[in-house]
Amino acid sequence: MADFEMQVMQTFDYQRPVVQQGYTDHTLYIGLSETAIALKPVATETKNVFIGGRGYDLWLLWKAVGPTTRWNDPENTLCIACGPLGGTPVYPGSGKSIVATLSPTTGSVMDSNVGGYFGPYLKFAGFDALEIQGKTNQEAVIFIDGIDQKIQILKTTGLPEVAHEICAILTDHFGQGKPRSVSVVAAGPGARHTLLGCLNFSWYDVKRKRVRYKQAGRGGIGTVFADKGLKAIVARWDTVTADTNQPADKERLKNVAKLHSREIVELDPKQNEMARIGTTHLVTIMNDHDLLPTHNFRYGRHPQAPNLGQQVYRRLFDPGYDGCWMGCTVACSHGVKDFVPLTGPYKGRKVFVDGPEYETIAGCGSNLGIFDPHTVVEMNFYCDTYGLDTISVGTGLAFAMECFELGLIDASHTGGLDLSFGNRLSSLELLHQMARGAGFGKIVGQGVRRMKAIFARNYGADPALLQDIGMEAKGLEFSEYMTKESLAQQGGYGLALKGPQHDEAWLIFLDMVHNFMPTFEQKAEALHWFPMFRTWFGLCGLCKLPWNDIVPEDNQDTQEPAKVMKHVRWYAEYFGAVTGRQVAADDLIRMSEAVYNFQRIFNLKMGLGRREHDNIPYRAVGPVTVEEYESRAERYDQQLKEKHQIEIDGRSTAEKLALLRRFREDAYEKLKDAVYQRRGWTASGIPTVATVKRLGIDFPEVLAVLKANGVLA
């Protein structure tokens, strides 16, 4: 145990607001610059429009920042909220926190949905949301004690640098012999030295007697945390039962929760085995359908992919219950026990690794040309404890590797590192450099968008080629799915509010495999409904996995199997049982529409949020290089001849590639038109005044942003 000291800078004793029907109707403000602590009431209008979770985060952030605020300005605010349904121990997937702030990589709003106990503990301590503003030049810990009803800002010295040690020490320190009563949020040195920092949210694993973690990864949220001078945030709470949320109708809640939980227990072993292998089953499924990103998204399959699949992790994962919230029957948060890293500061020492999940396996495995599961586990461990987003790290390293193989950069730029695909040691070395802010890792740690500018400006690389193969949009690195053959998923990434993350719309199978949406109008309808429903989980403090990763046995026989409407109706029942607000399935979409459109206008406020910001690199649309085209020549030739009526005999691969590009880019622009029309947006991608009025978000400041961008009543 490290020797550390804590000095109280500010203490605030409070009377804990009571949770009623999922809400406390109060938020907590922490001002680090002035060591201020304050409770704020939540207005009824705010509650009705923004619902909770991500909605509350966005409203607090909107009020805190202006159009010129940058991520490292003191006024940028880090917001964490749960949601009215969060903290329910009887309903699967009900323990989420939602984090939002201005992103270092995108310059606009970033949100991330994360497990662990912090969000529910924050709410039960009295607060529907937490907003942290300002900066301190101290190493600060915020302690929110819902048991003794006090909040402290503490100056600390002597705590370790790495996240897993910080969380373990503070759990022991604040737990007072009850480690399960504490949840810690911490970053790490990678968050300080890169723009790709993530946050670790902890929970205590009673069976294993250790602290475990989930990550709020995307867009550099951990970097904002570290820039503010925060070492950790700690929440303390005691017993959690079905009564803690004070639901409006406890019996109704228990009945619908029992239905969903029993279904998962019965069907998960027959379907994806989430409780045994988590999301690792996706590796071979994606590979079988040419969707597993390989070599910087060039290819979608590889013969060695099974080395990273579920049968390997079935053996590596430590068996036992692995729920990141109490009572969740999905229980997919697996880990590797007694893993021994081969490199870095923990070389030769046994550690516990939380994960890996599919995104990490694909990003730090196949996309780098690495098919050794032990290397992926090691990268997973170091990303987490350094506080680095595994998706951005994987996609960023893959981009650097392709640039190296294409000769756009060379060993004189990389500090002598051979960045050929498959080089495990170079990948790990770059990861350690990123955590130190040293060497070529310092450049990779800026993210793909800034790497493109650096490679063009300093190394003379071709900017057009860099743009085509640099897998970022809006400044956020792509998550790990191939989209070349799914126009709907191209839209799911390109039109996503924060950037290309699959949590808004995952439509590849519906579009590419099943061809359920052949027309632009059908794709647009899917790109309306699915992002709205997925947004709803972030409003309420829920995980989306119980919705559609384990489905009813008769689901394929329903009218809209992709929507899993039986579960949607259960969620409407769940919402009504807790909040007392009676809703139907369509009402859930309407709730999300208001928040979703508000976030689009928030992007507009920050100078983004227009049609041109929904562009994606051509690698996400089709083949960039001759080699890529020829790897799927039969498919592409057939499309040119049959779909586009092009005579290809005698044409070179370069000519065919250019023709295909013209058709595919045109299709993506037509998709934008269809989606904007369906969402009630202008041709420039801006919500109309009629839309914001229909949704009840026609606040004066919202209308002012629209007017400033030429959208009038």
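## Cores, cavities and local features of a predicted model

Leaving aside neighbours within four places in sequence, F533 is in contact with W547, V568, Y571, L588 and I589. Contact here means heavy atoms within 4.5 Å. This is a predicted model, in which local features need pLDDT of at least 70 and side-chain atom pairs count only at pLDDT 80 or more, while totals for chains, interfaces and linings use all residues. Residues are numbered from 1 along each chain as its sequence is written, and side-chain values use heavy atoms, with hydrogens and water left out.

**Nonpolar cores**

F533 belongs to the largest nonpolar core, which has 157 residues. F455, F533, W536 and Y571 touch the most other members. A second, separate core has 44 residues, among them M110, Y121, I233 and C324. A nonpolar core is a set of buried Ala, Val, Leu, Ile, Met, Phe, Trp, Tyr and Cys residues joined through side-chain atoms within 4.5 Å. Buried means under 20% relative accessible area, exposed means over 50%, and partly exposed lies in between, with a 1.4 Å probe and protein chains only. In soluble globular proteins, nonpolar side chains tend to be buried together.

**Cavities and a pocket**

The structure holds two cavities of 30 Å³ or more. On a 1 Å grid over the protein atoms alone, a cavity is a set of points where a 1.4 Å probe fits but cannot get out. A pocket is an open set with protein on both sides within 12 Å along at least five of seven lines. Lining residues have an atom within 4 Å of a point. Grid points are joined across faces, edges and corners, and a volume is the space filled by probe spheres set on the points.

The largest cavity has about 60 Å³ of space. Its lining is T106, S108, V109, K474, L497, K498, N603, L608 and G609. By class, that makes three nonpolar, four polar and two charged residues. Ala, Val, Leu, Ile, Met, Phe, Trp, Tyr, Cys and Pro count as nonpolar, Asp, Glu, Lys and Arg as charged, and the others, Gly among them, as polar.

The second largest cavity has about 40 Å³ of space. D290, L291, M482, T483, K484, E485, M512, R632 and R635 line it. Here the classes are three nonpolar, one polar and five charged.

The second largest pocket holds about 660 Å³ of space. Of its 21 lining residues, E485, L487, Q639, K643 and R664 lie nearest its centre. Elements giving two or more residues to this lining are helix 18 (487-494), helix 19 (508-513), helix 20 (520-540), helix 25 (633-643) and helix 26 (653-679). Helix 26 gives the most, with five residues. The lining divides into six nonpolar, six polar and nine charged residues. Helices (H or I, at least four residues) and strands (E, at least two) are DSSP runs, numbered from the N terminus.

**Helix 28**

Helix 28 spans residues 700-708, and its buried residues are V702, V705 and L706. Seen down the helix axis, these fall within an arc of 100 degrees, so they line one face of helix 28. The arc is that of the directions from the helix axis to the C-beta atoms. An α-helix has 3.6 residues a turn, so residues three or four places apart point the same way. The face turned away from the buried side carries the exposed residues P700, K707 and A708. Cover for the buried residues of helix 28 includes helix 2 (53-64), helix 23 (585-605) and helix 27 (689-694). G710 follows helix 28 and has a positive phi, near 80 degrees.

**Individual residues**

| Residue | Relative accessible area | State |
|---|---|---|
| R611 | 18% | buried |
| N515 | 49% | partly exposed |
| V564 | 1% | buried |
| E429 | 29% | partly exposed |

R611 lies in the loop between helix 23 and helix 24 (626-631). Not counting residues up to four places away in sequence, R611 touches R600, E669, K672, D673, Y676, A683 and S684.

N515 is in the loop between helix 19 and helix 20. Its phi is positive, near 55 degrees, in a residue other than glycine. V564 also has a positive phi, near 45 degrees. V564 sits in the loop between helix 21 (545-548) and helix 22 (565-579).

E429 is found in helix 14 (residues 424-436). Beyond its neighbours within four places in sequence, E429 is in contact with L417 and R436. The C-alpha atoms of E429 and F440 are separated by 9.8 Å.

A cis peptide bond joins G355 and P356, with omega about 5 degrees. P356 lies in the loop between strand 15 (351-354) and helix 11 (358-364).
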